[in-house]
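User: Got a model open here and I'd like a quick walk through it. Can you take my questions as they come?

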Amino acid sequence: MPDFSRCILHSDLNNFYASVEMLRHPELKEVPLAVCGSFEDRHGVVLAKNMLAKAAGITTGEPFFQAKKKCENLVSVPADFPSYVRVSEAVRAIYARYTDFIEPFGIDECWLDVTGSRKLFGSGVEIANTIREAVKHEIGVTVSVGVSFNKIFAKLGSDMKKPDAVTEISEANYRQTAWKLPVSDLLYVGKATARKLSVLGVATIGDLAQKDEAVLVRELGKWGKLLHDYAAGEDNSPVALSGREREIKSVGNSLTCYRDLETEDDVHLLFLLLADSVAARLAESGLGRAGTVKISVTDRELNHFGKQGKLPHPTRNAKEIADCAMELFRALYTWGYPVRALGVAVSDFSEREQLTFFGDAQEEEKGERLDAAVQKMREKYGNRVLQRATILGDKRLAEMDIKGAHIIHPEGHRGDG
Amino acid sequence: MRPIELKWQDGEVYLIDRVRFAERAPARVSAILPIRYTCLIGGREKYLYFEPEKMQWFVEVASA
């Protein structure tokens, strides 16, 4: 009989940052190792550690100097995120041999839906073992893989045996395995929730699954139902198709000005600068046109305000974005204090050209061609080669390379193409 | 890309007769994501590694 149940893997790279550092420094395999942020000042916190450091009681998040007290011969290395991203991508390329349903959960974890891959590559456990061996032999780091019929139990499984192991939580055995675990092991059950649950007499995942759902909803709201379903193995959320998780929802930029902004002209100036950079990034990303503009305002007293609104028609033109931002600002801000920081983001993208009844299509096209030409010049000669005359009124602002300085790529961004 | 010869630190040059495999494999020395070339040199199999990130070739040397 064909097997219609889902087969989900959750693959977790063991001590990931520390494992990559041990590839770079093989001599550190034999010593307790901590990967730290901000290494120079020696006040960095431990971001990751190897097994030896773990055995010495070092925990993630503690300051290095404190960790060093627990373990005298603890060695620290600074974190090198670009390398971790490269290794993570190489591992994902291995996953991609078996399925195109790959949903990253942070840099070191992924869910894989191999339901449809079993005819080609064997059972879920067999695929998990093939992946585990491939990662070890090709990359030199190890994974723990959980195999189950939903994402929640798959994740639970990958935590049960570490490192370099495969654990199956099946429909036949989850009552004997998953249900015996403390409820805090379940994804999304944090300390606060675990405390609330313990008051209700829920200690294990099995307790949670067997608890009256109405009681959970009363105590925890809609999370109560969700967690109850998760514990009972009734999670049917899909694994995203690879690439989808990178779908960009908005493009934005914000800036804290070197001086407080006191007038509408000042604000308009900064909106123009920001809109220029947003339009340029929109064009680069190939997302098409944006239908919505959102602004954020921070005043001198650090109060935050925000407002979003629809553009008259989808656009990728900097001036139209700035105009819309300005309109939103006028509707939002009452000038209680001078403005310290502004942000502009656009979203609600559409590829298609939209004909407008009143809009001047030619004028619009002209604006876009102008933007494109300016963008080309800037790519070639730097962001400051062409500037809006309005902006030249404030020399210091004009000198800021707003686009060059303010791009932060999302995690997992494929910078190397 | 195919390695042709290997120049040792004493200046001696070894011709690489054939590359049997090129595959991703970790080295026992410092390297992240190197490609391992299984080479036939003088009738014997030797590993030659290339680390794309650093554009660097290297071999593992048995420690004394």
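User: What share of the contacts in chain A with a separation of 6 or more comes from residues 24 or more positions apart?
Analyst: In chain A that share is 64%. Keep in mind that this is a predicted model.

User: And what is the figure for chain B?
Analyst: For chain B, residues 24 or more positions apart supply 27% of the contacts with a separation of 6 or more.

User: How many helices and strands does chain A have?
Analyst: Chain A has 16 helices and 12 strands. Its length is 417 residues, and 47% of them count as buried. The accessible surface is about 21700 Å², with 53% of that on carbon and sulfur atoms.

User: Which elements make up chain B?
Analyst: Chain B has six strands and zero helices. In sequence order the pattern reads β-β-β-β-β-β. Of its 64 residues, 33% count as buried. Chain B exposes about 4400 Å², and 50% of that comes from carbon and sulfur atoms.

User: On to the interface. How much area do chain A and chain B bury between them?
Analyst: About 1000 Å², with 62% of it on carbon and sulfur atoms. In chain A, the residues that lose the most area to chain B are A:Leu23, A:Arg86 and A:Glu138. Together they make up 47% of what that side buries.

User: Why quote an area for that?
Analyst: Because the size of an interface is often given as the accessible area lost when the parts come together.

User: How many residues does each chain put into the contact?
Analyst: Chain A gives 14 residues and chain B gives 10.

User: How many salt bridges are there between chain A and chain B?
Analyst: One. B:Glu53 pairs with A:Arg86, and their closest N and O atoms are 3.4 Å apart. A:Arg86 is also among the chain A residues that lose the most area to chain B.

User: Backbone next. What is the phi of B:Leu33?
Analyst: It is positive, about 55 degrees, although B:Leu33 is not a glycine. Most residues other than glycine have a negative phi. B:Leu33 lies in the loop between β3 (18-24) and β4 (35-41) of chain B.

User: Is B:Leu33 buried or exposed?
Analyst: Buried. Its relative accessible area is 5%, and the cut-off for buried is under 20%.

User: What about the phi of B:Met55?
Analyst: B:Met55 has a positive phi too, near 50 degrees. The residue sits in the loop between β5 (44-51) and β6 (56-58) of chain B. B:Met55 counts as exposed because its relative accessible area is 63%, and exposed means over 50%.

User: Where is the cis peptide bond?
Analyst: It joins A:Lys162 and A:Pro163, with omega at about -15 degrees. Most peptide bonds are trans. A:Pro163 is in the loop between α7 (151-160) and β8 (165-169) of chain A.

User: Which residues does A:Asn14 touch?
Analyst: Leaving out residues up to four places away in sequence, A:Asn14 touches A:Ser19, A:Thr142, A:Val143, A:Ser144, A:Lys162, A:Pro163 and A:Asp164. That list includes A:Lys162 and A:Pro163, which the cis bond joins. A:Asn14 lies in the loop between β1 (8-13) and α1 (16-24) of chain A. A:Asn14 is buried, at 5% relative accessible area.

User: Switching to A:Arg388. Where is it found?
Analyst: In the loop between α14 (361-381) and α15 (395-398) of chain A. A:Arg388 is partly exposed, at 23%. Setting aside residues up to four places away in sequence, A:Arg388 touches A:Leu272, A:Asp276, A:Ala318 and A:Lys319.

User: What separates the C-alpha atoms of A:Arg388 and A:Asp276?
Analyst: They are 9.5 Å apart, and the two residues are 112 residues apart along the chain.

User: Which residues make the nonpolar surface patch of about 370 Å²?
Analyst: A:Phe105, A:Tyr188, A:Trp223 and A:Leu226. A:Trp223 is in helix α11 (residues 222-231) of chain A. A:Trp223 is partly exposed, with a relative accessible area of 39%.

User: Last one, cysteines. How many disulfides does a search of the whole structure find?
Analyst: Zero, over all chains. A:Cys71 is buried at 6% relative accessibility, and A:Cys110 is buried at 2%.

Technical notes:
Residues numbered from 1 in each chain as written. Chains lettered and ligands numbered in written order. Predicted model: local features only at pLDDT ≥ 70, side-chain atom pairs only at ≥ 80, totals over all residues. Heavy atoms only, no water. Disulfide = S-S within 2.5 Å. Buried < 20%, exposed > 50% of the residue type's maximum accessible area, 1.4 Å probe, protein only. Helix = DSSP H or I, 4+ residues; strand = E, 2+ residues; numbered from the N terminus. Contact = heavy atoms within 4.5 Å. Areas by Shrake-Rupley, 256 points an atom, 1.4 Å probe, with all protein chains shown as cover. Patch = residues over 30% accessible without salt bridge, like charges linked within 9 Å, V, L, I, M, F, W, Y side chains within 5 Å. Salt bridge = Lys/Arg side-chain N within 4 Å of Asp/Glu carboxyl O. Buried area = accessible area lost by both parts, 1.4 Å probe.
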